[in-house]
Amino acid sequence: MINSLVMVIAGLAAGPALGGVISGLDRILTARLQARIGPPVWQPYFDVLKLFGKEKMVVNVWQAFCAYCYVAASSIALVLFFLQSDLLLILFVQAVGALFLVIGAFSSTSPFSQIGAHRELLQILSYEPLLVLVTVGIYLETGSFKIQAVYGGDAPLLLKLPFLFVVLGYALTIKLRKSPFDLSTCHHAHQELVKGLLTDFSGPFLALTEIGHWYEVVLLLGLCSLFWATSWGGMIIIVVITYLLEVLIDNVSARMNWRWMLGYVWSMGLALSMVNLVWLYAR
Amino acid sequence: MTEKLATILILMPFVSAVCCYLIRSVRLRSWVVLVTGVLLIAGALLLIPLTPFTFAAGSLAGLSIRHIVSAADFLLLFVILYFGFKHRSIIIKMLSVFQILLLAYLEFFSVKGIAAAGTIYCDQLSMTMVLIVALVGSIICFQAIPYMQNHETHLKLEKSRQNRFFAVMILFLGAMNGLVLSNDLMFFYFFFEVTTLCSFLLIGHDRTETAVKNAVRALWMNSLGGAAFIAALTVIFSQTAHLDLYRILLDADPANRIFLLSLALLCLAAFTKSAQFPFQSWLLGAMVAPTPVSALLHSSTMVNVGVYLVIRLAPAFRQTFLSHSVAFFGAFTFLAAAALAVGQSNGKKVLAYSTISNLGLIFACAGLNSPQAITAGILLLIFHAIIKALLFLCVGSIEQHIASRDIEDMRGLYAVMPVTALITVMGVIMMIMPPFGVIISKWMAIEAAASDFFIIILIAPGSALTVMYWARWGGILMSDPFAGRFKAEVQPVLTWTALGLLCLGAAILSIGAPWLYQWVIAPAESDFYLLDYTSRGGILENVVGIFPVFPLGLVAVLGFVIAIWAVKKAAGARVVAPYLSGVQTAEPGVFTGPMNTPTKAEAKNYYLASIFGEDKLTTWINLAAGVLLTLVIGGAL
């Protein structure tokens, strides 16, 4: 009981604590790749704190509802991850957050928000099936959807599920809002829709969406860490390498359109998953 | 006691239907409908503690009920034949003659009036169906009372035809109860045909050209199902020498190819009833009827016959190729119908495709045929029925209010009819988000399907497409700039009662899903399956997965309360116009365009018609479904 309580608190804290730092490091690294110095590592926290201090402005009060639901769902998803719950359930809860963000964007009539919301839906459509197939792969290897079964294994999952790890990489790139998949919104205005999905969120509500995003990022990196869950070192190394690759991909690729995204991610992602799953079934 | 209650559930609607037909006074007829509904609900609830039970049908006014049913059966088929002649449909004529001949063969030469030992058999599965029919069906009939008043005022009919309408609606409920309680397959077949006829009458109710055309199509497609059904009965009787459903399931021999073929034919009959591809067009056409009809067909009655039948039969074909092919067929329908739903902007069509899609998933579960999958199937059946009824009734109210069923016209509905909009959004959320019932069953279904490569590869993209078409719809309902204070719209009391009961019912049942499993679903399958899930403290768990339904529900309620509090607080915040690149005018949604002309900013939904349009997909999907259907039937041999 005490143990789960500790895990709940750890999950709640991990989002802002790790997510903010990761975001700060990301910004420094990206700046260095672009021959800039970049902001201090704590900058994301300053940004969020500043946003919280701003005047509350809404286009539609339901935005507030959706922003809170986004943070609630994404933090619950991370807590469930820390409690080593069911992977599929975690995906579903995470999707709730993502959907509330979309619904929040829909609640403004601005075409920027509306198109951003649609693009976000297409992004969700692209990565959802892949994430489900990744959990199916993990289930086939460990015999359970529960995360505790992953930690019980004696060989790293990556060796059995290499292609599914790549597939998870697609989903991660989309969720981190990195090029070539930064269609709906991102930090660099690549989406060419002002701020796309987040255009009409402002002040404290925008800050909430940022915090929600931190939770999501930590959750996805947590999923990555499961692929080398046999040791702490392995977990950290796999996450660091994955994230470095993400930053690199972000900086060397251009933003593509949704047709390309849907076609590419579904064909490549499904093909890779199928190959990997067939190995597991054939065994 | 049980016999009396079963009589109330099955026969009373038939009597009430006659009353409805004869009574001309609107007020009196409404009371008949209300009383019938309440009695049905009471009867169903009283039956719960008595389940399971079985009894043989005795006689009515000196005549054996078995004989009455066979006479009624012939009468029914001749009525269908009459409609075949009336509408000059060669297919209906052929199919009904075929059925009459087979029925005559069965009644006079082979079965010869042998009744099953227990004509009526009610276990937890039947009980669940009776509850769905009684509760959801009656609530739909209640809402139909104000709806039909409006409907006829709008049509400016000289002579009201509501008496016929309510007679058939009530009759439908009785037929459904009869169907799910029948253990003698001859009775089952009779009620099966009654539902076919009822749906035909209801779809054609408005007597417009399209209505008649669509009704005739529904009749021939469902007659095909009826023909498959009675052909299956002939084969089964030749193999087992009885038509006792429960005994057939107990003594099932999957190695007997001919027996398996008859099960495949029954599956075909089920697919037509549940409007699976390539028979989807009758259900899509059914939306020409008044909305309560769609609500009834899509949720508590017609389409449930198919899934009920296959779930019921599933233990008999466990671990056969037939089972695999049914699962594959269902999963394919799930994906294909979800894809077609993405391409639609017509709200009722989206609902129709979503029905087909969800039923496909239930068939997939029945075909997977593991305890886990069957649990998922039954859960989905329950929750889909409630929420789909809710959404249809919402769309019906919306349509009467804004005179459109197009999703695009529902933009900013919150400003026009806030409460209905909120309930609709709630319905949408319950379709796609945990901890609500549909997602609990989807979670079970995916975990059950994970060990089958061919099924999971179809279900994974299908569920993502499902999320897409629902979220898009739910999102735009709230899309007008809005700050605080709403004024509820005026609706008849019966409409509010119906919407409120369905919405609350679905939410409460969702949180109570572990207990629903423990008390209803587990006993329903325990005769044929080893139970898989344990339900402890509101947590559903088995070896492969865990879903803390109740704790998560509590957290969700907490989150909801906080979010509502945030809305209250945000109502005091400064309200600004949506961003329009800084050139918005004083009028909301209008910006200063080229040449300083005021221009309205507009954005519409993506329907991706170039990928998911009906014209792009339907032909190929029908073709593929035809091939899969051949696989289902041929694979049984």
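Student: What should I know about the numbering and the model?

Tutor: Residues count from 1 along each chain as its sequence is written, and chains are lettered from A, with ligands numbered from 1, in the order written. The model is predicted: local features need pLDDT of at least 70, side-chain atom pairs count only at pLDDT 80 or more, and totals for chains, interfaces and linings use all residues.

Student: How are two packed helices described?

Tutor: By the angle between their axes and the distance between the axes. Axes are lines fitted to C-alpha atoms, for helices over the stretch in contact, and angles run from 0 to 180 degrees between N-to-C directions. Helices are DSSP runs (H or I, at least four residues), strands likewise (E, at least two), numbered from the N terminus.

Student: At what angle do α15 and α20 of chain B cross?

Tutor: Roughly 155°, and the axes of α15(B) (residues 347–368) and α20(B) (residues 453–477) come within 12 Å. The two helices are therefore roughly antiparallel (angles over 145 degrees; under 35 is roughly parallel, 65 to 115 roughly perpendicular, the rest oblique).

Student: Is the crossing of α15(B) and α20(B) left-handed or right-handed?

Tutor: Left-handed: the near helix is turned anticlockwise from the far one by less than a right angle, while clockwise would be right-handed.

Student: Which element of chain B gives the most to the side that touches chain A?

Tutor: First the totals: 54 residues of chain B are in contact with 56 of chain A. α20(B) gives the most to the chain B side, with 14 residues. That side divides into 42 nonpolar, eight polar and four charged residues. Nonpolar covers Ala, Val, Leu, Ile, Met, Phe, Trp, Tyr, Cys and Pro; charged covers Asp, Glu, Lys and Arg; the others, Gly among them, are polar.

Student: How do α4(A) and α19(B) pack?

Tutor: At about 140°, with the axes of α4(A) (residues 87–106) and α19(B) 10 Å apart. They are therefore oblique to each other. The crossing is right-handed. α4(A) supplies A:Leu88, A:Leu89 and A:Phe92 to this contact. It holds six nonpolar residues, no polar and one charged.

Student: In which sense do β1(A) and β8(B) pair?

Tutor: Parallel, over two bridges; DSSP must find at least two for strands to pair. A:Met57 stands opposite B:Arg574 in β8(B).

Notes: Two residues are in contact if their C-beta atoms, placed from the backbone, lie within 7 Å.
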